[in-house]
Amino acid sequence: MSVITFIIDDEHYSAKEGDTILQVTRDNKIHIPTLCYLDGLSTFGACRLCVVEIEGSPKLFPACTTKPTEGMIVRTKTDRLKRYRRMIVELLASEGNHQCAVCVVNGHCELQNLAYEVGLDHVRFPYLFPHKSLDATHKEFVMDRNRCVLCTRCVRVCHEVEGAHVWDIAGRGINCEIIADLNQPWGTSESCTSCGKCVRVCPTGALFEKGASIGEMQKERGFIKFIVNARNKSEWVHTAHEEE
Amino acid sequence: MSKTITLAPVTRIEGHAKITIQLDDNNDVADARFHVNEFRGFEKFTEGRLLWEMPGITSRICGICPASHLLTSAKAGDDILAVEIPETAEKLRRLLTLAQWLQSHALSFFHLSAPDFLLGFDSNPATRNIFGLIAADKEFAKRGIRLRKFGQEIIEILGSRRIHTPWTVPGGVREPLDPAKKDVMLGWIPEAKETVGLALDAIKKIHKKFAKEIPEFGNFRSLLVGLVSKDGGLEYYDGFLRIMDGNGNTIADKLDPKKYFEYFGEAVEPWSYLKFPYYKPFDYPKGMYRVGPLARVNICDFIETPMAEEERKIFKKLGGNVGVVNNSFYYHYARCIEMLFAVEKIEMLLNDPAILGQNIRSMASINRTEGVGCTEAPRGVLFHHYHVNKDGVIQKANLVIATAQNNIAMNRTVRQIATHFIDGKKGKITEGILNRVEAGIRCYDPCLSCSTHALGQMPLHVELLNAGGEVLDEIRR
């Protein structure tokens with residue numbers, strides 16, 4: 001296996017062939033904010049929070065899907081990146097109905113943590129206040145599309161880990177929505193095994209356990225890496241999960 | 001030409017309002033109205049949300065009495081889950097209710113009303129507030145602030161935050177009480193009793209000082225409504241509704257609070273966002289009733305704690321032969337008696353071994369599609385009424401707030417004070433007179449943020465009326 005040497009923020013690093021920039025930064029404790037990425041699931045590149053600059057290109061690249069090449073010069077913390085990351089969170093805040101104060105994951109929300117991290121003290125864009133549905137038809141869980149950021153973690157975990165493929169994305173652009181089976185109430189889904197993996201990987205309060213009150217829903221996401229390692233490598237080892 | 005005097009905004013109450021006083025051709029007061037110009041919308045925008053979120057959402061109605069909405073909403077949730085909550089959960093909820101009373105009453109008495117009493121209605125309005133009180137009597141003001149802190153600290157110990165704790169949920173409460181924290185709360189009791197004693201001494205001096213003014217401070221007969229315990233005692237969390245008339249006759253008793261809508265209607269006036277609840281058998285507006293401390297201390301047969309019971313007996317004597325205290329000024333005295341009761345009862349609850357139990361939450365799914373919660377908030381009896389679908393999604397919410405229930409009486413009080421104190425012929429309105437009108441409102445300690453939670457349709461409409469009621473000019477927006 002060949003080794004690639006490249007530069008991140010003026011320091012030299014090496015990567016195995018096939019590694020992404022994000023994997024190298026995580027292995028070396030370099031923090032890049034992420035939202036749709038989750039260790040153990042396929043990469044999707046939807047949220048663009050992990051964008052980095054690569055010298056020689058005016059474009060920005062998502063670290064989660066970009067592989068380093070020999071001699072590549074990567075920058076992860078420029079003012080331009082900070083500005084863009086803040087704007088991404090700002091746009092997410094303005095296009096959903098995110099009311100932290102009365103949300104079931106208040107205090108334990110990845111989107112909320114990101115907002116703190118990027119310094120989102122106010123939103124410059126008008127709030128869209130979209131009419132989104134709440135699906136409480138499942139016996140144990142609730143899907144509140146008001147709080148969904150379309151990271152598709154639920155879609156991926158259900159397809160890739162549980163194998164049931166209950167969730168899909170319907171619609172286009174800003175009107176995209178997560179749907180169950182053939183766009184039907186979750187409670188009527190025949191494919192759902194009620195395993196709850198989608199609820200645990202959801203970064204926001206879009207998926208939660210029925211009966212949870214304000215701020216009461218806490219999620220543990222390291223189990224995905226555990227299951228995937230157990231399945232692929234026959235290793236049953238708990239590793240600390242980097243909550244980002 | 002008739003003349004309208006407007007006071008806006010009304011100060012030292014929770015929320016925003018204005019009062020208009022209409023004079024007739026002879027410059028005598030023809031009418032006076034208490035307009036609430038806040039608008040909230042909680043009943044409408046909670047539609048579509050989940051039952052379990054409701055305590056947290058509705059507690060956001062108010063920053064003063066969030067715990068009252070939290071508790072009442074959770075009780076409506078208990079009703080829909082059709083569960084009996086564990087004994088410890090009920091005792092902890094009772095503790096929270098009393099802490100809420102204590103901090104709210106201390107705020108009302110020391111921070112909002114005491115400046116009028118101790119500095120005088122005619123003193124400089126720039127200093128007639130808590131800061132002026134601190135300058136005039138630092139120790140008294142400090143003790144008042146600390147008494148409120150005690151109430152807030154109990155709320156924080158139980159619910160991990162002072163304002164907007166989500167600790168009470170359908171089925172019970174979220175966390176049991178830490179035994180070490182119990183002793184912290186008990187440590188406050190001696191100081192709290194002493195401070196309430198000072199408040200009671202102060203209010204009695206105030207009664208003497210304002211002996212001439214008090215008879216015109218909302219002195220009229222009305223129905224009095226509140227909860228009483230199963231054996232007729234002062235109640236704050238559960239029990240039955242009792243309705244007493246202005247002559248001290250109990251006209252309805254042992255009413256189930258869950259059927260409140262059978263007894264009370266809500267009228268609407270085009271000039272205020274605040275609804276006008278009334279007692280249905282007497283119709284609107286004759287079905288005027290008062291809730292809150294004055295009603296509660298009047299209607300109960302006894303108070304279960306000894307010191308507060310002694311004060312209740314003294315209070316009842318103010319009613320003379322009628323045996324019922326009809327003057328709204330005595331809300332303040334009743335509030336002080338309730339503070340005493342709260343401190344004594346908090347001590348009793350903390351010394352009850354069951355308060356440290358670990359069974360605190362009954363788990364259940366949706367077992368009914370309709371539920372009503374009822375508690376006594378600091379300002380009076382509070383109802384939350386929800387309809388849900390089989391999945392627990394709110395289809396309809398109705399919140400009947402204490403301040404709204406006092407609305408007719410508050411308007412009556414404003415009119416009485418305006419008529420007595422304003423001499424239109426002099427053509428001069430002094431600051432002190434206007435403040436007396438405000439102070440009349442403040443007797444009820446109204447919380448307008450709470451009471452205008454409802455969705456309403458009121459375009460902004462200002463009318464100038466002559467003595468004959470004809471519209472001389474109007475502006476619509």
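Biologist: How many residues of chain A are in contact with chain B, and how many residues of chain B take part?
Modeller: This is a predicted model. The side of chain A that touches chain B divides into 7 nonpolar, 4 polar and 1 charged residues. The contact takes 12 residues of chain A and 14 residues of chain B.

Biologist: Which domains does the assignment give for chain A, and how far apart are their C-alpha centres?
Modeller: The assignment gives domain 1 as 3–77 and domain 2 as 100–233 of chain A. The C-alpha centres of domain 1 of chain A and domain 2 of chain A lie apart by 26 Å.

Biologist: How many residues of domain 1 of chain A are in contact with domain 2 of chain A, and what classes are they?
Modeller: 12 residues of domain 1 of chain A meet 17 residues of domain 2 of chain A. By class, the domain 1 side of chain A has 9 nonpolar, 2 polar and 1 charged.

Biologist: What is the strand order of the open sheet of 3 strands in chain A, and which strands are at its edges?
Modeller: The pairing in this sheet is antiparallel, and the order is β6-β7-β10 of chain A. Two of these strands pair on one side only. The edge strands are β6 (134–135) and β10 (207–209) of chain A.

Biologist: What is the bridge partner of A:Asp135 in β7(A)?
Modeller: β6(A) and strand β7 (residues 141–144) of chain A run antiparallel and are joined by 2 bridges. In β7(A), A:Asp135 has as its bridge partner A:Met143.

Biologist: Turn to chain B. Which domain 1 element gives the largest share of the side that touches domain 2 of chain B?
Modeller: Chain B is divided into domain 1 (4–39 + 410–476) and domain 2 (84–218 + 338–363). Their contact takes 15 residues from domain 1 of chain B and 11 residues from domain 2 of chain B. On the domain 1 side, α13 (407–421) and α14 (431–442) of chain B each give two or more residues. The largest share, 7 residues, comes from α14(B).

Biologist: How does that domain 1 side of chain B divide into nonpolar, polar and charged residues?
Modeller: This is the side of domain 1 of chain B that touches domain 2 of chain B. Its residues divide into 3 nonpolar, 6 polar and 6 charged.

Biologist: Why is α4(B) called roughly antiparallel to α6(B)?
Modeller: Helix α4 (residues 87–119) of chain B packs on helix α6 (residues 138–159) of chain B at an angle of about 155°, with the axes 8 Å apart. Angles over 145 degrees count as roughly antiparallel. The angle therefore makes α4(B) and α6(B) roughly antiparallel.

Biologist: Is the crossing of α4(B) past α6(B) left-handed or right-handed?
Modeller: Residues of α4(B) in this contact include B:Leu95, B:Ala99 and B:Phe110, and those of α6(B) include B:Gly144, B:Phe150 and B:Ile154. By class, the contact has 16 nonpolar, 6 polar and 1 charged residues. α4(B) passes α6(B) in a crossing that is left-handed.

Biologist: At what angle do the axes of α6(B) and helix α7 of chain B cross?
Modeller: Helix α7 covers residues 179–209 of chain B, and its axis comes within 10 Å of that of α6(B). The crossing of α6(B) past α7(B) is left-handed. The axes cross at roughly 150°.

Biologist: Which class has 10 residues in the contact of α6(B) with α7(B)?
Modeller: Among the residues that meet are B:Arg143, B:Phe150 and B:Ile157 in α6(B), and B:Lys181, B:Met185 and B:Trp188 in α7(B). The contact also holds 1 polar and 3 charged residues. The class with 10 residues is nonpolar.

Biologist: Which strands stand at the edges of the open sheet of 3 strands in chain B?
Modeller: The order is β12-β13-β14 of chain B, with antiparallel pairing. The twist averages 15° from one strand to the next. Two strands each have a single partner strand, so one side of each is left without a neighbour in the sheet. They are β12 (370–377) and β14 of chain B.

Biologist: Which residue in the turn of the hairpin of β13(B) and β14(B) has a positive phi?
Modeller: Strand β13 (residues 380–388) and strand β14 (residues 394–400) of chain B are joined by 6 bridges. In β14(B), B:Lys396 stands opposite B:His387, and B:Asn398 is the bridge partner of B:His385. The hairpin has 5 residues between its strands. The residue with a positive phi, about 90°, is B:Gly392.

Biologist: Which helix lies across β12 and β13 of chain B?
Modeller: The helix covers residues 66–81 of chain B. It runs at about 150° to β12(B). It is α3 of chain B.

How values were computed. Residues numbered from 1 in each chain as written. Chains lettered and ligands numbered in written order. Predicted model: local features only at pLDDT ≥ 70, side-chain atom pairs only at ≥ 80, totals over all residues. Domains from an automatic or database assignment. Contact = placed C-beta atoms within 7 Å. Nonpolar A, V, L, I, M, F, W, Y, C, P; charged D, E, K, R; others polar. Axes fitted to C-alpha atoms, helices over the stretch in contact; angles between N-to-C directions. Helix = DSSP H or I, 4+ residues; strand = E, 2+ residues; numbered from the N terminus. Parallel < 35°, antiparallel > 145°, perpendicular 65-115°, else oblique. Left-handed = near helix turned anticlockwise from the far one by under 90°. Pairing = 2+ DSSP bridges.
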